[in-house]
Amino acid sequence: MRVFSKAQIIARFNPELAVSQLEEGFIAYSEGKVQVPPVQGFAFKGANGDCCVKSAYIEGSPTFTVKLSTGFYDNPSKGLPSNDGLMLVLSAHTGQPLALLQDQGWLTAMRTALAGRIAARLLAPAQVKAIGILGTGMQAQMQLEQLRAVTDCRQVILWGRHERGLAAYTAFARELGFGVHSTQDAAEVAGAANLIVCTTPSRQALLHSDWVQPGTHITAVGADAPGKQELDPALVARADRIIVDAIAQCSQYGEVAHALGSGQINAHQLIELGTLLAGRAKGREHDGQITLADLTGVAVQDAQIASYALAALCT
């Protein structure tokens with residue numbers, strides 16, 4: 001078994017190639033060609049942390065992947081990153097471990113950011129006047145990096161809880177060429193931006209329906225485990241198009257689960273991202289529509305990004 005470090009993985013990683021492989025994975029998942037066992041989840045309330053174990057196999061692939069991902073959200077106060085993890089790639093012919101990708105959670109963060117990029121490409125309004133970002137961590141940074149490929153907008157309205165995080169993110173975004181206005185009032189983000197990305201581990205709604213303008217697209221990636229929530233269920237219900245990465249998973253947790261549980265939407269309104277990518281469903285039809293992508297993170301993304309990374313490392 002070969003072992004690769006985070007630095008090695010990043011050095012050989014090309015997001016332009018990886019994003020195509022992720023799209024293929026989403027389509028395969030929605031066509032029923034992927035084995036995705038139930039997610040194993042752990043909650044560590046005393047440490048404000050969680051851990052998930054996800055695995056997937058795409059029909060016909062020579063490999064399958066098992067991924068472990070952790071989020072311990074008080075770590076920054078201890079001088080540690082919030083997220084960590086690794087991926088194990090195994091042969092689908094012999095079961096032998098082929099590679100351990102010691103990415104420290106980077107591949108999980110990247111595949112999430114690339115999914116956000118895909119959603120924005122398909123669903124964002126034609127004219128993005130400002131990008132709203134909720135959160136100031138690594139995922140918030142990676143989402144903004146990837147959005148550069150799908151929109152010319154270079155104005156950011158940033159929300160965060162702490163001045164230190166806002167200042168650090170502002171410096172980061174300006175280095176990328178963005179103008180930044182920061183705030184601790186999420187209503188200000190909704191009032192100014194029509195492409196909003198939510199990236200926090202919040203357990204209560206941050207964005208409310210009556211704040212959001214017609215024509216806005218929202219990508220929500222923070223509610224990736226039971227109990228997490230960034231959006232008012234009434235906002236989910238207000239969306240003209242609700243796109244999810246996996247109907248089965250988003251029915252259990254994520255923004256959609258809260259709206260389903262309160263009876264404000266029904267499952268027939270949900271469209272999988274793979275179905276949209278395959279052209280079998282309609283996305284945004286005009287710039288007056290509100291669109292939502294609820295991305296809880298499906299294991300096929302891990303299988304695809306691990307497969308791509310391993311191939312890149314071995315060439």
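Colleague: What makes Phe13, Trp106 and Tyr308 a cluster?

Modeller: Ring pairs link Phe13, Trp106 and Tyr308; rings of Phe, Tyr and Trp (its six-membered ring) pair if their centres lie within 6.5 Å. This is a predicted model, where local features need pLDDT of at least 70 and side-chain atom pairs count only at pLDDT 80 or more, while totals for chains, interfaces and linings use all residues. Residues are numbered from 1 along each chain as its sequence is written, and side-chain values use heavy atoms, with hydrogens and water left out.

Colleague: Why is the pair of Phe13 and Tyr308 called edge-to-face?

Modeller: Planes under 30 degrees apart count as stacked, over 60 as edge-to-face and the rest as tilted. Phe13 and Tyr308 have 90° between their planes and 5.2 Å centre to centre, hence edge-to-face.

Colleague: How do you know whether Phe13 is buried or exposed?

Modeller: Buried means under 20% relative accessible area, exposed over 50%, partly exposed in between (1.4 Å probe, protein chains only). Phe13 has 12%, so Phe13 is buried. Tyr308, at 8%, is buried too. Phe42 has 43%, so Phe42 counts as partly exposed.

Colleague: Why does Val156 count as buried?

Modeller: Its relative accessibility is 1%, so Val156 is buried.

Colleague: What is Val156 in contact with, leaving aside its neighbours within four places in sequence?

Modeller: Contact means heavy atoms within 4.5 Å. Leaving those neighbours aside, the residues in contact with Val156 include Ile131, Leu144 and Phe178.
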